[in-house]
Amino acid sequence: MRIAVTAETDTAEPRVAATPETIKKFAGLGAEVSVQSGAGAGAGVSDADYAAAGARVAPDAASALADADILLRVRRPAASELAGAKPGLAVISIMDPFGHEAALASLAQTGATAFAMEFMPRITRAQSMDVLSSQANIAGYRAVIDAAAEYGRSFPMMMTAAGTVPAAKVFIMGVGVAGLQAIATARRLGAIVTATDVRPATKEQVESLGAKFLAVENEEFQQAQTAGGYAKEMSKEYQAAQAELTASHIAKQDIVITTALIPGRPAPRLISADMVRSMRAGSVIVDLAAERGGNCELTRPGETAIENGVKIVGALNLPGRMASTASSLYARNLLAFVETLVSKETKQLAINWDDELVKATALTRDGAVIDERFKKA
């Protein structure tokens with residue numbers, strides 16, 4: 001069995017899909033691993049590091065892909081990148097298929113079997129494969145660090161001979177994995193933290209981290225979580241009530257971090273332009289949903305906008321800003337999944353199409369898109 005790791009073609013993506021640690025473990029599965037030269041440069045992993053771990057360093061992507069059974073990537077490769085690949089090549093990456101149905105169809109036509117790591121079911125067995133959680137942890141941490149850098153004032157309260165400096169007030173909107181990590185990080189830095197989420201189960205989590213919970217706790221709020229643990233899209237009435245509650249709260253905050261995303265849909269708008277203008281000059285908003293349009297009305301994806309002295313940070317790919325750590329976690333997620341696809345007896349790729357992990361993540365097979373959500377009408 002051969003596994004290929006090729007370099008990301010998106011220049012804004014510094015992460016890599018394998019590390020020397022996982023290369024060694026793939027060898028234990030009986031796999032030969034080929035890594036494209038320079039693939040790990042953005043994450044601080046050299047070709048020599050890969051070679052020392054037992055990988056073959058290939059001069060280009062085509063050489064790495066030659067006779068490969070599995071291709072590991074961070075982001076979905078273009079169909080053109082798979083020219084010359086073995087039929088049935090298992091491509092495992094973050095596929096981002098929503099809104100990219102044509103690209104997925106092209107990928108299917110190459111004969112590749114595509115697996116979307118972001119669709120891994122949230123079950124106990126798959127916890128070690130949950131890329132959304134591993135990368136969101138990094139994003140939540142980095143959001144607070146970036147906010148602190150942009151804020152220009154102290155996070156913790158400081159008592160000095162020249163007087164007392166008040167602690168920063170931080171408001172986290174959306175308490176998933178990223179939000180919880182942001183709360184914990186902001187608390188460690190000494191901020192006064194409040195948080196909100198539409199899912200009732202998050203209240204206890206927020207309070208356990210020493211933050212205060214803020215939400216309209218009506219009947220709809222009690223039913224605002226899917227069986228998979230995700231937030232449901234709320235009614236217009238609830239959104240209006242929540243907006244009224246948070247508007248006055250935001251006006252008193254120094255930093256707001258938004259993390260709300262609904263899979264397959266544009267990011268919900270949580271912060272209006274008027275809310276931004278109610279904040280004092282020097283305040284900061286970090287919008288983790290910038291890639292999906294942003295939770296803030298004034299977010300400009302990929303830029304830091306300034307409105308009435310308030311900075312709105314629309315940074316893209318926050319996990320990529322900590323590429324070494326993010327790659328280490330992502331590579332372990334991939335390793336855990338690949339282990340379920342390989343026969344322990346033959347040491348060969350042996351996809352079990354009845355496995356719930358495969359059913360949840362497989363997008364293409366035998367030249368066609370098999371996920372009903374992304375088939376062309």
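Me: Which residue lies over the face of Phe-119, and at what distance from the ring centre?
Reply: In this predicted model, the residue that lies over the face of Phe-119 is an arginine, and the distance is taken from the ring centre. That residue and its distance are Arg-373 and 4.5 Å.

Me: How many aromatic pairs are there, and is the pair of Phe-115 and Trp-353 stacked or edge-to-face?
Reply: Rings pair if their centres lie within 6.5 Å, and by this rule the count comes to six aromatic pairs. The centres of the Phe-115 and Trp-353 rings are 6.3 Å apart and their planes stand at 20°, so the pair is stacked.

Me: Where in the chain do Phe-115 and Trp-353 lie, and how many residues apart are they in sequence?
Reply: Phe-115 belongs to strand E6 (residues 113–116), whereas Trp-353 is found in the loop between helix H11 (323–341) and helix H12 (356–361). The pair therefore ties together parts whose separation in sequence is 238 residues.

Me: What is the angle between the planes of Phe-119 and Phe-374, and how many residues apart are the two?
Reply: Phe-119 and Phe-374 form a stacked aromatic pair, 6.1 Å centre to centre, with 0° between the planes. Phe-119 lies in the loop between E6 and helix H5 (131–151), while Phe-374 lies in the segment after strand E17 (368–369), and the two are 255 residues apart.

Technical notes
Residues are numbered from 1 along each chain as its sequence is written. This is a predicted model: local features need pLDDT of at least 70, side-chain atom pairs count only at pLDDT 80 or more; totals for chains, interfaces and linings use all residues. Side-chain values use heavy atoms; hydrogens and water are left out. Rings of Phe, Tyr and Trp (its six-membered ring) pair if their centres lie within 6.5 Å; planes under 30 degrees apart count as stacked, over 60 as edge-to-face and the rest as tilted. Helices (H or I, at least four residues) and strands (E, at least two) are DSSP runs, numbered from the N terminus. A charge sits over a ring if NZ of Lys or CZ of Arg is within 6 Å of the ring centre and within 35 degrees of the ring normal.
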